[in-house]
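I am opening a notebook on this structure. The entries below follow the order in which I looked things up.

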Amino acid sequence: MDYSVRARIRNPYRPASHLTGDGRRRLASYRLSSRPVALAAVAAAETKTGASGASFIRHHLKSLAPYQPILPFEVLSERLGRKPEDIIKLDANENPYGPPPEVANALGNLKFPYVYPDPESRHLRAALADDSGLESEYILAGCGADELIDLIMRCVLEPGDKIVDCPPTFTMYEFDASVNGALVIKVPRHPDFSLDVAQIIKVIEQEKPKCIFLTSPNNPDGSIINDDDLLKILDLPILVVLDEAYIEFSSLQTRMSWVKKHDNLIVLRTFSKRAGLAGLRVGYGAFPLSIIEYIWRAKQPYNVSVAAEVSACAALQNPTYLERVKNLLVQERERLYNLLKEVPFLKPFPSHSNFILCEVTSGKDAKKIKEDLAKMGVMIRHYDRKELKGYIRISVGKPEHTDALMKGLQALQL
C-alpha cells in the first residue's frame with residue numbers, strides 16, 4: 001500500500017483472456033463475489049421499494065474514492081497467465097525472504113485457533129518491550145499499522161478537524177482522514193523530498209490542525225527526518241504521528257522511547273517489512289500514557305488474531321535472522337541503486353528504505369514501463385498523481401530479482 005493507489009481499475013471484473021469455459025465462469029464469479037461494489041450493482045438492478053440503501057450512507061463517504069491496494073499473487077497470476085512463483089513482485093515493498101522458520105513452526109503448532117485471542121496481546125507486548133527497551137504499558141498492538149492509523153484518527157478527530165499531510169507520502173493518511181470526515185492540509189515536500197518545516201510551522205500556527213502524520217523513512221522516496229526537524233514540530237501544539245514502518249533499513253534509531261517525554265508523539269511500527277509478515281497483518285505503536293488510555297477504550301477487543309500474535313512473537317525469537325535479512329536487503333538496495341543509475345531513462349533517488357524511487361526521463365512513459373515489465377513477469381509501481389506523475393518505485397528484492405529487472409529494463413532500451 002502506498003502513494004497514488006486510489007484510482008479505480010478499468011474493468012476489474014473482466015475474466016482473464018487465457019481462461020475459457022468453466023474456468024472463465026468461475027473466475028468471473030470469484031471477482032464478482034470478492035467485490036461488495038459488484039454485489040451492490042446487481043442488487044440495484046432489482047426492483048426495490050422504499051428508501052434507497054445509499055440514502056443511509058454518511059454524505060461525505062458518497063464521493064470517497066476507494067483505496068486501491070496492490071494485487072495479490074493469485075490475481076496477478078490469473079491476469080498475467082503466469083504461475084505465482086514465476087512473478088517477480090517488486091511493487092509493494094514486501095520482504096521477499098519471508099519470516100524466520102520459527103514462524104512456520106509456531107503456526108503449525110497452533111493449539112487453540114477456536115478460542116478468541118488475548119484482547120491485550122500480552123505476550124506480544126512483552127516481547128516488544130524486550131525488543132525495544134520500552135515498557136509494555138506504552139505499547140499497543142494492531143492489525144497492521146493501518147488499523148492504528150485509523151484508530152488514532154477516530155479517537156482524535158471530530159468531523160471538520162484538520163490534519164497536516166506532507167505529500168508525496170503514504171496515502172493512507174489522507175484516505176483515513178477522508179473516511180473520518182477530517183480536512184487535509186497539504187504541505188508539499190521540497191524537490192529533494194525533505195520536509196518543508198518552515199511551511200509546516202506556518203500552517204500549524206494559522207490553521208490550528210489537530211495532528212500531523214510523518215513517515216521516516218518516507219514512502220515512496222526513502223528520505224528520513226532528522227532529530228532537529230522533528231523536535232521543531234514536536235514543540236508545536238499538534239499531535240505528531242511518526243510512522244517508522246521502514247526504519248530497520250535506515251541508520252536511524254527508533255524514537256519509540258520519545259513518547260515518555262513528549263506527550264504529543266505517537267510512533268508506529270510494523271512486522272510487515274522487517275519480519276516478512278505482511279500477510280498476517282500485525283503492527284504496533286508506542287503511545288504516551290495520557291493517550292494510550294483512550295486508544296485502549298476505543299480499539300476492537302480482538303483486533304490481533306491468534307495467528308498474528310503467535311507469528312510476531314516467534315519472529316522476535318530469532319533476531320539473528322531478522323538482522324541478516326535486513327543486511328541482505330540493504331546490500332542489494334545499494335547494488336540496485338547503482339545499476340539503476342546506468343539506465344538512461346531513469347533518475348533514481350537515494351533511499352534509506354527497502355525501495356528506490358525513480359523519475360522517468362527522456363520522454364519515456366512511466367505507466368508503459370510498468371506494463372511492459374509486467375508482461376515479462378516483473379511487477380513495479382508507477383505513479384500518475386501530480387506530485388509524482390512520471391515516477392516509478394521499485395522494491396528491493398533478492399539478487400536474482402534485481403537481475404531479472406535489469407534484463408527487462410535493458411530490453412526496453414532496444
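Predicted model: local features only at pLDDT ≥ 70, side-chain atom pairs only at ≥ 80, totals over all residues.

Entry 1, contacts. I began with contacts in the protein chain between residues at least 6 apart in sequence, and 71% of them join residues at least 24 apart. Contact here means heavy atoms within 4.5 Å.

Residues are numbered from 1 along each chain as its sequence is written, and side-chain values use heavy atoms, with hydrogens and water left out.

Of the 414 residues, 49% are buried, on a scale where buried means under 20% relative accessible area, exposed over 50% and partly exposed in between (1.4 Å probe, protein chains only). The chain exposes about 20000 Å², and carbon and sulfur atoms supply 53% of that. The areas come from the Shrake-Rupley method with a 1.4 Å probe; for residues, only the protein chains shown count as cover.

Entry 4, a sheet. I looked up an open sheet of four strands, ordered β9-β10-β13-β12 with antiparallel pairing. Two strands pair if DSSP finds at least two bridges between them. At the edges are β9 (346-348) and β12 (381-383), each pairing on one side only. From one strand to the next the twist averages 30°. Strands β10 (residues 355-360) and β13 (residues 391-395) are joined by five bridges in the antiparallel sense. In this pair, I356 stands opposite I394 in β13. Helix α12 (residues 319-340) lies across β9, β10 and β13, at about 10° to β10. For such angles, axes are lines fitted to C-alpha atoms, for helices over the stretch in contact, and the range is 0 to 180 degrees between N-to-C directions.

I found R385 in the loop between β12 and β13. Is R385 buried, exposed or partly exposed? R385 counts as partly exposed because its relative accessibility is 23%. R385 and P168 are 217 residues apart in sequence, yet their C-alpha atoms are 9.3 Å apart in space.

I placed Y114 in the loop between α4 (101-108) and α5 (122-132). Y114 has a relative accessible area of 66%, so this residue is exposed.

Terms used: Helix = DSSP H or I, 4+ residues; strand = E, 2+ residues; numbered from the N terminus.
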